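Here is a short report on one protein chain.

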Amino acid sequence: MSSPAINPSQSETRAEINRANAQQSTGPKTAAGKAISSRNAATHGLTASRVFLRNDEEHAAFAVFEAALEKEILPNPDSALENFHFDRLVAAAWNIDRCDRIQSELASTSTADPLLDPAHAKTFHNIELYRRRNERSYLMAAKQIRELQSEKLFRGLALSADNNASENP
(Lines give C-alpha, C1' and ligand atoms only; values in the text may rest on other atoms or scores of the structure.)
Protein backbone atom coordinates (compact mmCIF):
# COMPACT_ATOMS: atom_id res chain seq x y z
CA MET A 1 0.00 0.00 0.00
CA SER A 2 1.47 3.34 -1.00
CA SER A 3 1.13 6.55 0.97
CA PRO A 4 -1.05 9.29 -0.48
CA ALA A 5 0.72 11.90 -2.55
CA ILE A 6 1.17 15.25 -0.82
CA ASN A 7 0.17 18.27 -2.82
CA PRO A 8 3.03 20.85 -2.60
CA SER A 9 0.57 23.73 -2.40
CA GLN A 10 -1.14 22.09 0.61
CA SER A 11 2.15 21.76 2.50
CA GLU A 12 3.05 25.37 1.66
CA THR A 13 -0.35 26.54 2.91
CA ARG A 14 0.06 24.48 6.09
CA ALA A 15 3.54 25.98 6.65
CA GLU A 16 2.13 29.51 6.27
CA ILE A 17 -0.64 28.76 8.76
CA ASN A 18 1.90 27.32 11.24
CA ARG A 19 4.09 30.43 10.92
CA ALA A 20 1.09 32.69 11.54
CA ASN A 21 0.11 30.68 14.63
CA ALA A 22 3.67 30.77 15.94
CA GLN A 23 3.64 34.58 15.84
CA GLN A 24 0.70 34.63 18.24
CA SER A 25 2.17 32.20 20.80
CA THR A 26 5.70 33.39 21.45
CA GLY A 27 5.82 32.62 25.17
CA PRO A 28 6.32 34.90 28.15
CA LYS A 29 7.65 38.41 27.61
CA THR A 30 8.57 39.57 31.13
CA ALA A 31 11.48 38.35 33.23
CA ALA A 32 9.05 37.08 35.87
CA GLY A 33 7.07 35.15 33.27
CA LYS A 34 10.23 33.65 31.81
CA ALA A 35 11.41 32.60 35.29
CA ILE A 36 8.10 30.86 35.95
CA SER A 37 8.01 29.10 32.57
CA SER A 38 11.62 27.92 32.99
CA ARG A 39 10.35 25.64 35.75
CA ASN A 40 7.50 24.12 33.76
CA ALA A 41 9.17 20.72 33.51
CA ALA A 42 10.56 20.71 37.06
CA THR A 43 9.45 17.85 39.25
CA HIS A 44 11.79 17.30 42.18
CA GLY A 45 14.81 19.35 41.15
CA LEU A 46 17.40 16.75 42.15
CA THR A 47 18.82 16.63 38.63
CA ALA A 48 18.41 20.34 37.84
CA SER A 49 21.37 22.39 36.68
CA ARG A 50 20.53 24.97 39.35
CA VAL A 51 19.43 24.70 42.95
CA PHE A 52 15.71 23.99 43.06
CA LEU A 53 13.90 26.04 45.70
CA ARG A 54 10.15 25.56 45.97
CA ASN A 55 9.11 28.55 48.08
CA ASP A 56 10.25 31.57 50.08
CA GLU A 57 10.88 29.42 53.14
CA GLU A 58 13.32 27.26 51.20
CA HIS A 59 14.98 30.38 49.75
CA ALA A 60 15.59 31.67 53.29
CA ALA A 61 16.85 28.28 54.52
CA PHE A 62 19.14 27.98 51.51
CA ALA A 63 20.60 31.46 52.11
CA VAL A 64 21.46 30.51 55.71
CA PHE A 65 22.87 27.15 54.57
CA GLU A 66 25.01 28.77 51.87
CA ALA A 67 26.32 31.46 54.23
CA ALA A 68 27.32 28.87 56.83
CA LEU A 69 29.18 26.79 54.25
CA GLU A 70 30.88 29.86 52.82
CA LYS A 71 32.07 30.96 56.26
CA GLU A 72 33.49 27.49 56.92
CA ILE A 73 34.85 26.47 53.51
CA LEU A 74 35.53 29.65 51.56
CA PRO A 75 36.24 32.50 54.00
CA ASN A 76 38.38 34.48 51.52
CA PRO A 77 37.18 33.74 47.99
CA ASP A 78 39.33 35.57 45.51
CA SER A 79 38.91 33.69 42.28
CA ALA A 80 36.05 32.93 39.94
CA LEU A 81 37.19 29.31 39.88
CA GLU A 82 36.90 28.97 43.66
CA ASN A 83 33.44 30.52 43.52
CA PHE A 84 32.42 28.20 40.68
CA HIS A 85 33.43 25.07 42.63
CA PHE A 86 31.90 26.47 45.80
CA ASP A 87 28.56 26.96 44.02
CA ARG A 88 28.72 23.34 42.83
CA LEU A 89 29.54 22.15 46.34
CA VAL A 90 26.63 24.10 47.87
CA ALA A 91 24.15 22.80 45.27
CA ALA A 92 25.28 19.21 45.82
CA ALA A 93 25.16 19.54 49.62
CA TRP A 94 21.67 21.07 49.42
CA ASN A 95 20.47 18.24 47.18
CA ILE A 96 21.93 15.60 49.51
CA ASP A 97 19.98 17.21 52.34
CA ARG A 98 16.86 17.29 50.15
CA CYS A 99 17.26 13.57 49.46
CA ASP A 100 17.28 12.96 53.22
CA ARG A 101 14.18 15.11 53.70
CA ILE A 102 12.30 13.42 50.84
CA GLN A 103 13.11 9.98 52.17
CA SER A 104 11.99 11.01 55.65
CA GLU A 105 8.73 12.37 54.29
CA LEU A 106 8.10 9.16 52.36
CA ALA A 107 8.87 7.06 55.40
CA SER A 108 6.55 9.09 57.62
CA THR A 109 3.61 8.91 55.20
CA SER A 110 3.91 5.20 54.43
CA THR A 111 1.94 2.73 56.52
CA ALA A 112 4.27 -0.15 55.67
CA ASP A 113 8.06 -0.21 55.83
CA PRO A 114 8.91 2.07 52.90
CA LEU A 115 11.98 0.05 51.98
CA LEU A 116 9.86 -3.06 51.60
CA ASP A 117 6.81 -1.37 50.11
CA PRO A 118 6.79 -2.03 46.34
CA ALA A 119 4.88 1.21 45.77
CA HIS A 120 7.87 3.20 47.12
CA ALA A 121 10.73 0.93 46.05
CA LYS A 122 11.44 2.70 42.73
CA THR A 123 11.21 6.14 44.35
CA PHE A 124 13.68 5.17 47.08
CA HIS A 125 15.99 3.66 44.47
CA ASN A 126 15.90 6.86 42.38
CA ILE A 127 16.46 9.08 45.41
CA GLU A 128 19.50 6.98 46.30
CA LEU A 129 20.84 7.39 42.74
CA TYR A 130 20.39 11.15 42.99
CA ARG A 131 22.09 11.16 46.39
CA ARG A 132 25.12 9.29 45.06
CA ARG A 133 25.37 11.58 42.04
CA ASN A 134 25.29 14.64 44.32
CA GLU A 135 27.78 13.09 46.74
CA ARG A 136 30.23 12.61 43.87
CA SER A 137 29.69 16.23 42.78
CA TYR A 138 30.19 17.41 46.36
CA LEU A 139 33.41 15.45 46.82
CA MET A 140 34.80 16.59 43.46
CA ALA A 141 34.02 20.25 44.19
CA ALA A 142 35.51 19.98 47.69
CA LYS A 143 38.66 18.44 46.23
CA GLN A 144 38.96 21.21 43.65
CA ILE A 145 38.50 23.90 46.30
CA ARG A 146 41.15 22.31 48.53
CA GLU A 147 43.58 22.13 45.60
CA LEU A 148 42.95 25.79 44.68
CA GLN A 149 43.38 26.86 48.30
CA SER A 150 46.60 24.83 48.61
CA GLU A 151 47.97 26.40 45.44
CA LYS A 152 47.05 29.86 46.73
CA LEU A 153 48.77 29.15 50.06
CA PHE A 154 51.85 27.76 48.30
CA ARG A 155 52.06 30.81 46.02
CA GLY A 156 51.73 33.08 49.04
CA LEU A 157 54.50 31.25 50.90
CA ALA A 158 56.75 31.25 47.83
CA LEU A 159 56.15 34.96 47.30
CA SER A 160 56.87 35.65 50.98
CA ALA A 161 60.08 33.61 50.81
CA ASP A 162 61.17 35.48 47.66
CA ASN A 163 60.50 38.84 49.33
CA ASN A 164 62.46 37.79 52.44
CA ALA A 165 65.37 36.57 50.31
CA SER A 166 65.55 39.84 48.37
CA GLU A 167 65.44 41.89 51.59
CA ASN A 168 68.11 39.83 53.36
CA PRO A 169 70.86 39.03 50.85
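## A buried glutamate and its partner

Glu82 counts as buried, at 2% relative accessibility. This is a predicted model. The side chain of Glu82 meets that of Lys152 in a salt bridge, 3.4 Å from N to O. Glu82 belongs to helix H4 and Lys152 to helix H5, so the pair ties together parts 70 residues apart in sequence. Lys152 counts as partly exposed, at 26% relative accessibility.

## Overall build

The protein chain has five helices and zero strands. From the N terminus on, the order of elements is α-α-α-α-α. Of the 169 residues, 22% count as buried.

The accessible surface of the chain is about 12500 Å². Carbon and sulfur atoms hold 56% of that surface.

## Salt bridges around Arg131

Side chains of opposite charge can pair when their charged atoms come close. The structure holds five salt bridges. Arg131 takes part in a bridge with Asp100, where the closest N and O atoms are 2.4 Å apart. This pair links distant parts of the chain, with Arg131 in helix H5 and Asp100 in helix H4, 31 residues apart. Is Arg131 buried or exposed? Arg131 counts as buried because its relative accessibility is 9%, under the 20% limit. Asp100, at 35%, counts as partly exposed.

Arg131 also forms a salt bridge with Glu128, with 3.3 Å between the closest N and O atoms. The two residues are three apart in helix H5, which means they are separated by about one helical turn. Glu128 is partly exposed, with a relative accessible area of 25%. Elsewhere, salt bridges that share partners join Glu58, Asp97 and Arg101 into one network.

Gln103 lies in helix H4. Its relative accessible area is 15%, so Gln103 is buried. Which residues does Gln103 contact, leaving aside neighbours within four places in sequence? They are Phe124, Ile127, Glu128 and Arg131. Two of these names return from the salt bridges: Glu128 and Arg131 are bridged to each other.

## Asn134

Asn134 sits in helix H5, which spans residues 118–167. The residue is buried, with a relative accessible area of 8%. Not counting residues up to four places away in sequence, Asn134 touches Leu46, Ala92, Asn95 and Ile96.

Asn95 is 39 residues from Asn134 along the chain, yet their C-alpha atoms are separated by 6.7 Å. A polar atom of the Asn134 side chain lies 2.9 Å from the backbone oxygen of Tyr130.

## Nonpolar cores

In soluble globular proteins, nonpolar side chains tend to be buried together. The largest nonpolar core here has 15 residues. Those with the most contacts inside this core are Val51, Phe62, Leu69, Ile73, Phe86, Leu89 and Ile145. Helix H3 (56–73), helix H4 (80–109) and H5 are the elements that give two or more residues to the core. H4 gives the most, with six residues.

Leu46 touches Asn134, Phe124 is in contact with Gln103, and the backbone oxygen of Tyr130 lies 2.9 Å from a polar side-chain atom of Asn134.

## Aromatic pairs on Trp94

A pair of aromatic rings is described by the distance of the centres and the angle of the planes. The count comes to two aromatic pairs. Phe62 and Trp94 form an edge-to-face pair, 5.2 Å centre to centre with 90 degrees between the planes. Phe62 is in helix H3 and Trp94 in helix H4, 32 residues apart, and the pair links these distant parts of the chain. Both Phe62 and Trp94 are buried.

Phe65 and Trp94 form an edge-to-face pair too, at 5.5 Å centre to centre and 65 degrees between the planes. Phe65 lies in helix H3 and Trp94 in helix H4, so this pair ties together parts 29 residues apart in sequence. Phe65 counts as partly exposed, at 24% relative accessibility. Trp94 counts as buried, at 3%. Ring pairs link Phe62, Phe65 and Trp94 into a cluster.

Methods: Residues are numbered from 1 along each chain as its sequence is written. This is a predicted model: local features need pLDDT of at least 70, side-chain atom pairs count only at pLDDT 80 or more; totals for chains, interfaces and linings use all residues. Side-chain values use heavy atoms; hydrogens and water are left out. Helices (H or I, at least four residues) and strands (E, at least two) are DSSP runs, numbered from the N terminus. Buried means under 20% relative accessible area, exposed over 50%, partly exposed in between (1.4 Å probe, protein chains only). Contact means heavy atoms within 4.5 Å. A polar contact is a pair of N or O atoms within 3.5 Å; within protein, one must be able to donate a hydrogen and the other to accept it, and residues adjacent in sequence count only if both atoms are side-chain atoms. A nonpolar core is a set of buried Ala, Val, Leu, Ile, Met, Phe, Trp, Tyr and Cys residues joined through side-chain atoms within 4.5 Å. Accessible areas come from the Shrake-Rupley method with a 1.4 Å probe; for residues, only the protein chains shown count as cover. A salt bridge is a side-chain nitrogen of Lys or Arg within 4 Å of a carboxyl oxygen of Asp or Glu. Rings of Phe, Tyr and Trp (its six-membered ring) pair if their centres lie within 6.5 Å; planes under 30 degrees apart count as stacked, over 60 as edge-to-face and the rest as tilted.
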